[in-house]
Amino acid sequence: MKNWSNDINAVWGSISKVFLGGDELIQSLLATFLAGGHALLIGPVGSGKTTLAKALAHAVGGTYKRVQVTNETLPSDIIGFAVYLRDGDTRVVKGPIFSNIVLLDELNRAPPRTLSALLEAMQERQVTIDGAPLQLPDPHIVVATMNVAEVELGFTSQLPVAVLDRFTSSIRVNYVAEETERLVLRSIDEIDNELAKPNPAIRIEDSGKLIEAVKGVYVSDDLVRYIFDIVGLLRGDARLMIKLSTRAPISIYKLARAFAFLGGRNYAIPDDVKAAARLALPHRLIIRPEYGEAVDPINMVEDALNQVKVPVLVQ
């Protein structure tokens, strides 16, 4: 496998200049990008979700658009629309979704109609405007943020299952420790300057090559069975309202390859699958209402990882 470490280190270094919330979060979002997936950043207000998303966008090059979602955001505000001209022709005005990286800030505020409009874009990498399918750029990633406090307080609704299932990963972004917060204060001017004048670490074409290279990472049959053992155990859990769809094991598989790639390996190991499961599964676990807050999806995933036998790989 070609040594891609220089490109990876350049992207990682660029993100870490402006996001001081920890390497684990950077790794999680970068793995989602390399897996060709979409990321849902979940956390309280002011925890750095938007900064992390913008940092990734600036690091990997390409086009970037941000949409501040509200309860009045229309599908056309994201997808685009057609304009009918006097001479009978039609002109298509493309929306922000046609950027390589799209940040949908506070997606949980969006009305149902707008959320539905995202399904085609996130699954098929295309949108339909005035009956004509239009391809989205490659690579393409949707990074959405969700203010979990607003959902918990009942100010906004939980995202529909169909939308949640389109996200390859959910990444929890919490408040940083006081020591890190002091560092943010000391560095705020440099951070603002970096975000105001993006300087891509690599070209978007090179980002596409990285995503293609990840597809060459080897995943053994034992690891594939391991993935399905984890998913199967959770599918049989009576505490869930809805069984995990096929997108769950697909997301684990793709993320495991990405974690292996970030680790400098051309083959995946059980730890890659575990890391992938922690990102791919929690947001897909819809708990029955009678269990209330007594059951935490994150703990359910950890319990499954502890119960399922880990395969022993022979090198």
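A crossing of two helices is called left-handed if the near helix is turned anticlockwise from the far one by less than a right angle, and right-handed if clockwise. With that in hand, welcome to the close-ups. This is a predicted model, in which local features need pLDDT of at least 70 and side-chain atom pairs count only at pLDDT 80 or more, while totals for chains, interfaces and linings use all residues. Residues are numbered from 1 along each chain as its sequence is written, and side-chain values use heavy atoms, with hydrogens and water left out.

**View 1. Helix 11 crosses helix 12.**
Helix 11 (residues 247–262) passes helix 12 (residues 270–280) with axes that come within 8 Å and cross at roughly 130 degrees. Axes here are lines fitted to C-alpha atoms, for helices over the stretch in contact, and angles run from 0 to 180 degrees between N-to-C directions. The two helices are therefore oblique to each other (under 35 degrees counts as roughly parallel, over 145 as roughly antiparallel, 65 to 115 as roughly perpendicular and the rest as oblique). The crossing is right-handed. Helices (H or I, at least four residues) and strands (E, at least two) are DSSP runs, numbered from the N terminus.

**View 2. The contact of helix 11 with helix 12.**
From helix 11, residues including Ile252, Leu255 and Phe259 meet helix 12, where the partners include Asp272, Val273 and Leu279. Contact means heavy atoms within 4.5 Å. By class, twelve nonpolar, one polar and one charged residues take part (Ala, Val, Leu, Ile, Met, Phe, Trp, Tyr, Cys and Pro count as nonpolar, Asp, Glu, Lys and Arg as charged, and the others, Gly among them, as polar).

Strand 1 (residues 39–43) joins strand 9 over four bridges, with Leu41 partnered by Ile171. Two strands pair if DSSP finds at least two bridges between them.

**View 3. The hairpin of strand 6 and strand 7.**
Strand 6 (residues 126–129) and strand 7 (residues 132–135) pair in the antiparallel sense over four bridges. Gln126 stands opposite Gln135. Two residues lie between the strands, and Asp130 takes a positive phi near 55 degrees.
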